[in-house]
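Here is a short report for a reader new to this structure. Look at the sequence and the model, then read on.

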Amino acid sequence: MNCTICLDDEGSVVQKGCCCRGDLGAIHIDCLIELATHSTVTLDDFTPWERCTTCGEPYTGDTLTTVTTSWVDRTSTMDPDSEEALASHCALGRVLCDAGKCVDGVAHLTQAYEGMRRVLGEWDRDTVNAALELSMGYCQQAEFVEAERIQVALLEHLKAERAAKAALQGGEEEEGEGAGDEDDQILDVMNSLANTYIDLGARNPPIHVQPVHWVPFFISFLFSVAYIVFRWRCSPGPGLSRVR
């Protein structure tokens, strides 16, 4: 197969791991890195470091790990708080966490988050997204208490900010209106926090985590079973309803 970038078949030609199959997905890793570098320099576009420019889907496997690692290496001589450096650490952190290398992944995600806090502010949208990704990295590392701490702080701030904006607009917005990026972030954080609590419950949550109040659910379950048994015992047998 020929590399779809340089059109040469010499050297190690591999698949990008995206949705491009066969000859369309064949590349030299070095060519892909050169393409991503060119897009960054000329178009200020970081997308080719993580996603295929043909199908738009992310790379996978060794291709993604190699390319994002090269991206971090490229930014190592830059200002550590530059946009590209922070984006590269965030990308590599996600990749390493997904690959099970959570300690290294969380280190990169932490570097990206702390840099965004300095440059953009603690509650900028990109900073909040970085904090959420860091919390998910902690979850993958089984550091659920730390993940919970970050997610609870994010949720409390986002809900307070949402309520303050609604108050400035003269009250609660009607259902279906005002649903935007903030609402999506709140839902993302709530979903992540719910998953964290599920993991905490499955792995003996610490004392400070509020336990699930299972007693009412258990009582309701017993009443449901009793009602089903009662209906079954009192229902007419086969053919009795027709006799009556």
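Gly115 lies in helix H4, residues 102–120. Helices (H or I, at least four residues) and strands (E, at least two) are DSSP runs, numbered from the N terminus. Gly115 is buried, with a relative accessible area of 0%. Buried means under 20% relative accessible area, exposed over 50%, and partly exposed in between, with a 1.4 Å probe and protein chains only. Gly115 and Pro80 are 35 residues apart in sequence, yet their C-alpha atoms are 7.5 Å apart in space. Setting aside neighbours within four places in sequence, Gly115 is in contact (heavy atoms within 4.5 Å) with Asp81 and Leu86.

This is a predicted model, in which local features need pLDDT of at least 70 and side-chain atom pairs count only at pLDDT 80 or more, while totals for chains, interfaces and linings use all residues. Residues are numbered from 1 along each chain as its sequence is written, and side-chain values use heavy atoms, with hydrogens and water left out.

**The whole protein**

The protein has 9 helices and 2 strands. From the N terminus on, the order is β-β-α-α-α-α-α-α-α-α-α. Of the 244 residues, 33% are buried. Take the contacts between residues at least 6 apart in sequence: 48% of them join residues at least 24 apart. The protein exposes about 15200 Å², and carbon and sulfur atoms supply 56% of it. Accessible areas come from the Shrake-Rupley method with a 1.4 Å probe; for residues, only the protein chains shown count as cover.

**Helix H1**

H1 has 15 residues, and its end C-alpha atoms are 21 Å apart. The expected span is 1.5 Å times one less than the number of residues. For H1 that gives 21 Å, which agrees. Several residues of H1 are buried, among them Ile29, Leu32, Ile33 and Ala36. Their cover includes strand E1 (14–15), strand E2 (26–27), H2 and helix H3 (83–98). After H1 comes Asp44, with a positive phi near 55 degrees.

**Aromatic rings**

How many aromatic pairs does the structure hold? It holds 2. Rings of Phe, Tyr and Trp (its six-membered ring) pair if their centres lie within 6.5 Å; planes under 30 degrees apart count as stacked, over 60 as edge-to-face and the rest as tilted.

| Pair | Centre to centre | Angle between planes | Type |
|---|---|---|---|
| Phe46 and Trp71 | 5.6 Å | 55 degrees | tilted |
| Trp49 and Trp71 | 5.4 Å | 0 degrees | stacked |

Phe46 lies in the loop between helix H1 (29–43) and helix H2 (61–75), and Trp71 lies in helix H2, 25 residues apart. Trp49 is also in the loop between H1 and H2, so its pair with Trp71 ties together parts that are 22 residues apart in sequence. Both Phe46 and Trp71 are buried. Both Trp49 and Trp71 are buried. Ring pairs link Phe46, Trp49 and Trp71 into a cluster.

**Cysteines**

A disulfide is a pair of cysteine sulfur atoms within 2.5 Å. By this rule the count is 0. Cys52 counts as buried, at 3% relative accessibility.
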